[in-house]
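Hello,

Here is the structure for your files. Please look it over; my notes on what was found follow.

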Amino acid sequence: MVPIFKCKEAAFLTCQFLSTMVLPTPLTADSTAALFAELTQLRRHFHQHAEVTWQEVQTQATIKAYLLEHAQIPEENIHVCATTGLVVNIYGPTPDDVPVPDGRKCIAFRGDMDALPMTENNPHLSYASVNAGAAHMCGHDGHMTSLVGFAVLMQRARHALPPHSCVRLLFQPAEEGGFGAVKMIEGGALEGVDEIYGYHNAPFPLGMIATKPGAVLAHSCRFEITLKGPGGHGSAPHLTPDPIVAAGHVIVAMQSIVSRSVPAQESAVVSITQVHGGEADNVIPSSVRLSGTLRDFSPAVAAIVHSRMETIVASTAAAYGVTGSITFDDGYPVTSNHAEPAQIVLDLAASVVGPARVTSAGLPAEGSEDFSYYLQKIPGCFYMVGTKEMGEVAAGGCCQNRGLHSDTFDFNDDALPLTVRMFLEIAQHRLGVSLYAKEELNLIR
């Protein structure tokens with residue numbers, strides 16, 4: 001098979017993809033294997049040339065070039081959105097003598113594009129990131145590759161779509177704290193869309209799919225606490241209030257919030273992750289700063305925790321003769337699936353991988369996602385796909401780490417067929433059509 005990328009990096013944005021493979025109809029085992037071999041090369045290119053939040057310029061250009069050259073999607077159906085993102089429309093037939101149907105007409109699928117601002121530690125990978133301070137340690141390289149593969153197969157089957165229907169692909173930048181979904185929505189990405197679907201890779205067994213109705217991921221919120229006093233000599237603590245002592249009591253008191261203020265049937269996580277104060281061993285500092293994160297699954301629980309944190313900081317500071325303040329920096333809201341789409345994904349997953357490999361165990365999880373903003377606007381479902389193979393262990397072992405946000409993480413390319421297959425199954429079901437015969441779909445495993 002001819003590799004996809006052979007051009008020099010300096011000329012990459014304008015080069016043509018060398019692969020000219022066109023999938024036959026119907027699909028065959030050979031053509032399907034060739035497609036996913038090419039997608040693996042594409043995913044590894046994304047990995048090697050990782051770009052962080054709001055800097056996904058080359059990534060955007062690569063996706064567009066591939067969709068034009070390989071998926072053969074017309075350029076007028078590919079639109080820039082949120083600066084470094086793309087909205088891609090694949091349309092069904094539009095005969096003048098067929099009325100626009102009632103019900104679902106446009107189904108959207110999302111793949112996030114940005115890398116994390118960190119350094120990769122995978123020297124054994126020939127495609128390890130070459131961009132300093134940028135690494136795909138969350139698997140977004142795999143997510144957008146799944147969407148590209150879906151685009152290839154979807155465009156080939158577009159004539160089977162219902163008249164006047166549309167499948168919309170959202171290549172979204174800035175998921176890693178950049179509120180990219182908000183900018184995509186502001187750019188019109190959801191206009192005319194009836195439902196939306198997306199997935200995230202997860203470090204549980206390869207081939208398993210997890211989701212549920214309702215909350216699947218948490219609301220996140222960062223906080224910063226500042227405690228201040230006049231400072232003084234370390235040999236005379238009786239002459240000055242000590243913000244370090246106050247900080248210690250704040251830290252301990254925070255651990256009682258979830259166990260004593262949050263109802264037992266609810267949950268939350270309060271983590272103080274940074275403590276900074278002092279410059280010299282013989283000086284009581286004038287200021288101590290604490291910071292961390294809050295995770296919860298309910299606005300009511302978040303309100304309880306916020307109130308308790310504010311009270312603890314103010315009261316503890318007063319008790320130890322210092323001043324205290326706390327500020328909150330709200331992150332993404334709860335990612336909450338709509339009941340019908342979630343059940344449809346569960347049923348489709350069971351039909352593809354078998355009921356024993358579909359689960360809701362471990363959900364909701366404490367991570368957060370800006371896919372939540374899409375689900376606040378329209379119905380949809382966010383689900384997880386396992387990528388961990390038997391025998392794979394964390395860094396230091398013999399196999400590749402699939403633990404998200406680790407500097408030794410890498411997306412498992414063997415998950416790509418299942419992720420593309422699920423997108424196809426969802427599109428078929430929600431638009432009420434058969435895009436490919438069952439025998440063809442069964443080749444995508």
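An unreviewed UniProt entry lists residues 221–317 as "domain: Peptidase M20 dimerisation". UniProt positions are given in the numbering used here, feature names are shortened, and annotations may be inferred rather than shown by experiment. Over residues 221–317 the chain is 38% helix and 33% strand. The end C-alpha atoms of that stretch lie 22 Å apart. Helices (H or I, at least four residues) and strands (E, at least two) are DSSP runs, numbered from the N terminus.

Some ground rules. This is a predicted model, where local features need pLDDT of at least 70 and side-chain atom pairs count only at pLDDT 80 or more, while totals for chains, interfaces and linings use all residues. Residues are numbered from 1 along each chain as its sequence is written, and side-chain values use heavy atoms, with hydrogens and water left out.

Now the domains. Domain 1 covers 29–217 + 336–443, and domain 2 covers 219–331. The bounds come from an automatic or database domain assignment. Taken over C-alpha atoms, the two centres are 39 Å apart.

Next, the interface. Nine residues of domain 1 are in contact (heavy atoms within 4.5 Å) with seven residues of domain 2. About 540 Å² is buried between the domains, and carbon and sulfur atoms give 61% of it. Buried area here is the accessible area (1.4 Å probe) that two parts lose on being put together, summed over both. In domain 1, Phe179, Glu366 and Ser368 lose the most area to domain 2. Together they make up 64% of what that side buries.

What polar links cross between the domains? Three residue pairs are in polar contact, both residues at pLDDT 80 or more. A polar contact is a pair of N or O atoms within 3.5 Å; within protein, one must be able to donate a hydrogen and the other to accept it, and residues adjacent in sequence count only if both atoms are side-chain atoms. The count of salt bridges between domain 1 and domain 2 is zero.

The structure as a whole holds 13 salt bridges (a side-chain nitrogen of Lys or Arg within 4 Å of a carboxyl oxygen of Asp or Glu). One of them pairs Asp410 with Arg43, with the closest N and O atoms 2.8 Å apart. This pair links distant parts of the chain, 367 residues apart. Asp410 is in the loop between β16 (380–388) and α10 (416–431), and Arg43 is in helix α1 (residues 29–48).

Best regards
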